[in-house]
There are 6 protein chains.
Amino acid sequence: MVNQKYLDKAEVLIEALPYIQRFNRKIVVIKYGGSAMLDEKLKANVIKDAVLLKLVGFKPIIVHGGGKEISKWVGKVGMEAKFINGLRVTDSQTMEIAEMVLAKVNKELVSYVESLGVQAVGISGKDGGLLKCKKKYSNGEDIGFVGDITEVNPKILYDLLEKDFLPIVFPIGFDDNYDSYNINADDAACAIAEAVHAEKLAFLSDIEGVYKDKDDPSSLISELHIQDARKLIEDGYVGGGMIPKLNNCIEAIEHGVNRVHILDGRIPHSLLLEIFTNKGIGTAILREDGEKYYHEHE
Amino acid sequence: MVNQKYLDKAEVLIEALPYIQRFNRKIVVIKYGGSAMLDEKLKANVIKDAVLLKLVGFKPIIVHGGGKEISKWVGKVGMEAKFINGLRVTDSQTMEIAEMVLAKVNKELVSYVESLGVQAVGISGKDGGLLKCKKKYSNGEDIGFVGDITEVNPKILYDLLEKDFLPIVFPIGFDDNYDSYNINADDAACAIAEAVHAEKLAFLSDIEGVYKDKDDPSSLISELHIQDARKLIEDGYVGGGMIPKLNNCIEAIEHGVNRVHILDGRIPHSLLLEIFTNKGIGTAILREDGEKYYHEHE
Amino acid sequence: MVNQKYLDKAEVLIEALPYIQRFNRKIVVIKYGGSAMLDEKLKANVIKDAVLLKLVGFKPIIVHGGGKEISKWVGKVGMEAKFINGLRVTDSQTMEIAEMVLAKVNKELVSYVESLGVQAVGISGKDGGLLKCKKKYSNGEDIGFVGDITEVNPKILYDLLEKDFLPIVFPIGFDDNYDSYNINADDAACAIAEAVHAEKLAFLSDIEGVYKDKDDPSSLISELHIQDARKLIEDGYVGGGMIPKLNNCIEAIEHGVNRVHILDGRIPHSLLLEIFTNKGIGTAILREDGEKYYHEHE
Amino acid sequence: MVNQKYLDKAEVLIEALPYIQRFNRKIVVIKYGGSAMLDEKLKANVIKDAVLLKLVGFKPIIVHGGGKEISKWVGKVGMEAKFINGLRVTDSQTMEIAEMVLAKVNKELVSYVESLGVQAVGISGKDGGLLKCKKKYSNGEDIGFVGDITEVNPKILYDLLEKDFLPIVFPIGFDDNYDSYNINADDAACAIAEAVHAEKLAFLSDIEGVYKDKDDPSSLISELHIQDARKLIEDGYVGGGMIPKLNNCIEAIEHGVNRVHILDGRIPHSLLLEIFTNKGIGTAILREDGEKYYHEHE
Amino acid sequence: MVNQKYLDKAEVLIEALPYIQRFNRKIVVIKYGGSAMLDEKLKANVIKDAVLLKLVGFKPIIVHGGGKEISKWVGKVGMEAKFINGLRVTDSQTMEIAEMVLAKVNKELVSYVESLGVQAVGISGKDGGLLKCKKKYSNGEDIGFVGDITEVNPKILYDLLEKDFLPIVFPIGFDDNYDSYNINADDAACAIAEAVHAEKLAFLSDIEGVYKDKDDPSSLISELHIQDARKLIEDGYVGGGMIPKLNNCIEAIEHGVNRVHILDGRIPHSLLLEIFTNKGIGTAILREDGEKYYHEHE
Amino acid sequence: MVNQKYLDKAEVLIEALPYIQRFNRKIVVIKYGGSAMLDEKLKANVIKDAVLLKLVGFKPIIVHGGGKEISKWVGKVGMEAKFINGLRVTDSQTMEIAEMVLAKVNKELVSYVESLGVQAVGISGKDGGLLKCKKKYSNGEDIGFVGDITEVNPKILYDLLEKDFLPIVFPIGFDDNYDSYNINADDAACAIAEAVHAEKLAFLSDIEGVYKDKDDPSSLISELHIQDARKLIEDGYVGGGMIPKLNNCIEAIEHGVNRVHILDGRIPHSLLLEIFTNKGIGTAILREDGEKYYHEHE
């Protein structure tokens, strides 16, 4: 007789069925950053999750950062990393290092995906003119080659998806003079998700999600309509680094992304669990009239 | 913290990854018959398995019989079902009833698949000229409209697969005069699997698989190369209804099907477990040089 | 010298030229029912007409009923056919029989078309989710599984036409719970013609057409604009079974079908004669501004 | 009641059904010349036949000559037409006139076809590099710009057929220096039929066909296998202008054309009658193993 | 060492780069007429220019006249060319000659293009129903088969461009009765450019361009916005044959052509120089808001 | 009057016509390295040449190295570049730096091409599994992550060319364990040219070409059949770094590349001059039976 363990396995697969069905052939943009990039085991989990999404018919696009690795290499060449208001001051040599390091991280991810039997191509925002930008100022101060996205040309992404590749993007853009700029990876993921009309945008980072009360760990919100998200910000319930992230989520939804997920990259397979099970991991931000899927967190 | 139950779920999905990858966009012919057709719960399981295969990128084709239901309706109109050497004696009225009943069963399956969000089309072997046949004799005796397949025209199946439908076939064929014939569903599944160069052919029926010793329930064989299958028959280790089924398996492999599975339809999700886990359910028949995947049965 | 007989043949073919040209690659929905289904010779004529339309470049779709055959089989299993206001009271067993019998009739037509060298596929309204419906009440009374069409999904028809098949449809639909419903074949033909934007919809039944005066056989109308058709109903000039048929015609034209024909299926090749010659057979219903083609009936 | 005349019309159409089916989407090359080009009524018949073939799904290509019209215009400019062994002596001015006159005839045919609602394009053998040739000598004598075809580039014909045009070709070719050459229209039709793998090649000219005995008008042969055609030539039963025509037929069949027809263009609709009825008009030349369709001439 | 001559060559090619880029895959209609048709060397230059445009990715269409050649042949057959208000009085025999001569000129151009390795197809306005027209009167006087274009069906041009041919058109059209009409080549080029939404329309004729002062040869205008062109006409600065040409230019731009060039066909490669260098040859007419590219004439 | 300077420009463009024609839509692999990478002006020339090739219909692929830049960055992080037999000893940190630096150089080239209006995508040999390799030993000695190509998967290149991108490749590959390896850029260019069946492979480096006598600068060979190239090596006429380069050329031609060019990247536009003029720059290596195009060097 077949024992229970195997029947349970089958049940898990069957349970995923409605989710596979609902999002089949939909584009999912995954912003990958934070601790999940540094821990080899977590990295393996994230990449496997993305590969599984690809194999069951989704169209994932990975956008990644690499801030800590950049700082490490800035140090190696005897320079010092400098930040103003959380933005890296990026002179031309820092810019060169940032581009080199992000490219290296990118190719590691490409190789990992390829090793799992899925075709991947790694590109920057300069390839195919993907991410055009202009200089960003920090409270009026020139902090060098830090860019704000002004235009996304998604042709290269559509072409790679059509040819069955998993695109992996690192956020270096170009301006009118074709100079290079460092772009915030969250912003890049958000702009790309909008441009390709993604069904989902998932931020994998080191936070668990949005809390009703930022001081109460039991108050994690599973699903949040944007009107409520806007109110949380206005009313001061969220703070710090969460505000720009939440604003990104709100903007993405306002521009046509259907659902944005803030996920804890430190939880193994949080992406898979969020998408394939009726267990809400982290916080999902929904359209004003978006239907809630999940029960409260257990 | 996310509890272990959810992490286990993720692991099951990840475990399926290499199997999804290996068989992606491959055609799988599923012969569906026996008790699994009569028990509503088992039926639900089989259909869900087929739908999941479809959704994760396989191209399943279901071929089904309906013997018991035919006999029931033969009874309802006041006739008596008659068999010679296991073959239904099929006069023209029986033929009409067989076609009607199989069509009814077929449309039930179509509706079930459609209700799970996957497009299905039910056809007979007459649609698109799929199954051409000639009269089959039982030891020289004319038993009516019982047919042997002489030619398969798979165009309609390729067309439906291309248009993303799940085809469901019932085994009524036609001869040179376009008269209708009842065909054995195992034979139909086998001939179709050959014609479409299926990667896999799975027989879901009321037997657990092939035994080394038909009297020893612990001797179930997980994987069997065709040369060994031929030997089992020659040496008399298998008998009864197993011989034609095994011959069908051998023939399918000789005509280009890569792997044939004999599965117990009474085990829930046996199809899914066979394909997506490293647990062999039933018996797989392999090419002479086919690689064995599974450990022995536990 | 070539004798006159042959020259006359050539003239008939040449005479068809402008009609072939006008309707080339247009969809023609043929509702096939009544006596023409029971008489083998008439059936042969109808099918040959449809096949000829297919071969000269039209895209015919056949929609058929089978009421008399259903009643026969209801009788065979010892039940009694029951009607309320002309609608068959359809309990679940009657529903099963109706579906089985229509499927049998369908496959006979498929085989006939195939035998003439044209590919055919027979489908019900459940295949590909073609005909969605809801329960129809007869003056508020529940008469079982009798359905009103609420939605047509023509994808399967477009797919089959693209792949060069002649689709043959029998009118069984499904509701929200995927339960089966018997649908009036005239309604199904009408709804399908609307959904595929048919150029023509032809009703082949046991009436000669519409009469100016229902009691005067010499008053058959060749061509009728819908505004005049509406007036005929209002003014009480038509009656009985003609009213719903005429309403179907009016509705079809209101939803984009260009021309609807009411033809007498008992006249051999009435379909061909209506389409390929300047002889009006039966009655054609036209748009408000539709151009009349034919001379009066001789 | 529908009178017999209409039923007879329907029967003629139905009788054409198997022929339409057999040759559907096949290429038919029609060599059009002789008296049928000069008589306006015969011309109308030929063009209508070709248009009907196009509309019912064949792919006709018309190749035409214009010898008598060329001679007329040579005379108009005060020159004299000169022939050696039946070949027009073609100095450069005669060549210019030949090209001009054939182009004029060509555009008349184009307009006629267009007026019947079918798209036509008229081209010479120079357009798209269709007919490459070299100088032809008449028993060693240089007779000017008279060409033998050395190479056919059928791309332009395939392109026009794909885009649903009826191509009409006049036989002016070019040599290595891109000088223009007059080509025999029978040769051009034959070479084109070979290059496009035509199903049929029909010569419409002023002869009734091949006779068993050239002096006995009752001995017209309906169907002739090429081995018998070769024998007729060897044994001297055919003579005069028939020999090169018959050789063209033989060569076309040797190069893959399935059936070649020699038809009397003076019989109205001889093309249509030959193709759509079981009445053999003229003589059909068949492959060695070609099946005979027709009864003897009545 | 590579000498300067070669480096200069490279610079010329590089200089063409932005022009190739700007007009890549755009349609350019070239009206070819005047002296450039009579001088063999100029003809070679024009054709080579068109071929180069084709090879570097443009989609040229050549429209040509042949007035002088027509007059020559009218004379050859002993008739006299007659003009009223600059329009050729075109009786039916003149019409025949015009069509024949234009076809001959057309096929010469086709052969020339083919000899340079580019596929060409020559068509008239009758092929594919390209140019429909009605009789044009000269101040109310019937001057025979002279036509005004009423409708352009560009399908044949799109088809030929798609199949990578260079279409060469001569301006003979047809009316409702499919009679042939002679059309002014400038008008034909203009109507075709509008119908295919050409990027550019270039008139190659025997004038250098538009002058600010028609009596001052140094006042050639390089670029002219249509509002200024209209004003030049109103204010009487241009006169004679320039008015209809300029009106054609204005109309073409009003109907969507981006830029119209009036070029001197007597200057070798004026077409190439106008398109590929920053040297304005002749006069370019621009949209109201069109950007000027060129410096003044040197 | 148009002055001579402009006419000369036109002549240069016309002179390029046969070359554009001959190589239209052919793949040209350009190995770009040496001094031409360091001098900004030379770099601009090379990129403009490649862009012009793209715009006039060729399909260029750029493969580049970056040895000097790698050494510079190895120095920056305080390490020392080490070479054995001309191969860089590549420990894992050197490997990281090599990948980062090549990626940086790659993206600079991408931006340059994009700024000229042509879409470019930069990839490594890891993207799309392009360059698989195994460890290369230097006379049996392990020198780290230096790879020999074992397999090329050109899918990503074909996909990018189909989508109209100019692919720019840097030579980092992967082995069975998906570890990264540094590959010689000449080898990569050669392997890619073979895999995509390039028409041409051009090596742009710091040598003028092959000399008959390596000590006689006037003995530069314009065109060389491979059998003669083999002989030059055997007979000791070429030496040093030329031997592996010449062997690469020979191998490329043996594997189907039609013509290999050794060009001096220090000469401005040497690529353009070699391809578009009848002036041989550098040395072309031809198939055994390849036709020589050029005159001797002047």
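**Close-up views of a predicted model**

View 1. Residues are numbered from 1 along each chain as its sequence is written, while chains are lettered from A and ligands numbered from 1 in the order in which they are written. Domain 1 of chain A covers 62-196 and domain 2 covers 199-298, with bounds from an automatic or database domain assignment. Their C-alpha centres lie 24 Å apart.

**View 2. Chain B meets chain A.** Each chain brings 29 residues to this contact. On the side of chain B that touches chain A, two or more residues come from each of α1 (4-23), α2 (40-55) and α9 (270-276) of chain B. Helices (H or I, at least four residues) and strands (E, at least two) are DSSP runs, numbered from the N terminus. The largest share, 11 residues, belongs to α1(B). By class, this side of chain B has 20 nonpolar, 6 polar and 3 charged residues. Here Ala, Val, Leu, Ile, Met, Phe, Trp, Tyr, Cys and Pro count as nonpolar, Asp, Glu, Lys and Arg as charged, and the others, Gly among them, as polar.

**View 3. Chain F meets chain A.** Here 29 residues of chain F are in contact with 29 residues of chain A. On the chain F side, α4 (92-115), β5 (120-124) and α5 (155-162) each give two or more residues. The largest share, 11 residues, comes from α4(F). This side of chain F divides into 12 nonpolar, 7 polar and 10 charged residues.

**View 4. Two α4 helices cross.** The axes of α4(A) and α4(F) come within 8 Å and cross at roughly 110°; axes are lines fitted to C-alpha atoms, for helices over the stretch in contact, and angles run from 0 to 180 degrees between N-to-C directions. That makes α4(A) roughly perpendicular to α4(F), a term for angles of 65 to 115 degrees. Look for the residues that make the contact, including A:E96, A:M100 and A:K104 of α4(A) and F:E96, F:M100 and F:K104 of α4(F). The residues of this contact comprise 6 nonpolar, no polar and 8 charged.

Technical notes
This is a predicted model: local features need pLDDT of at least 70, side-chain atom pairs count only at pLDDT 80 or more; totals for chains, interfaces and linings use all residues. Two residues are in contact if their C-beta atoms, placed from the backbone, lie within 7 Å. Angles under 35 degrees count as roughly parallel, over 145 as roughly antiparallel, 65 to 115 as roughly perpendicular and the rest as oblique.
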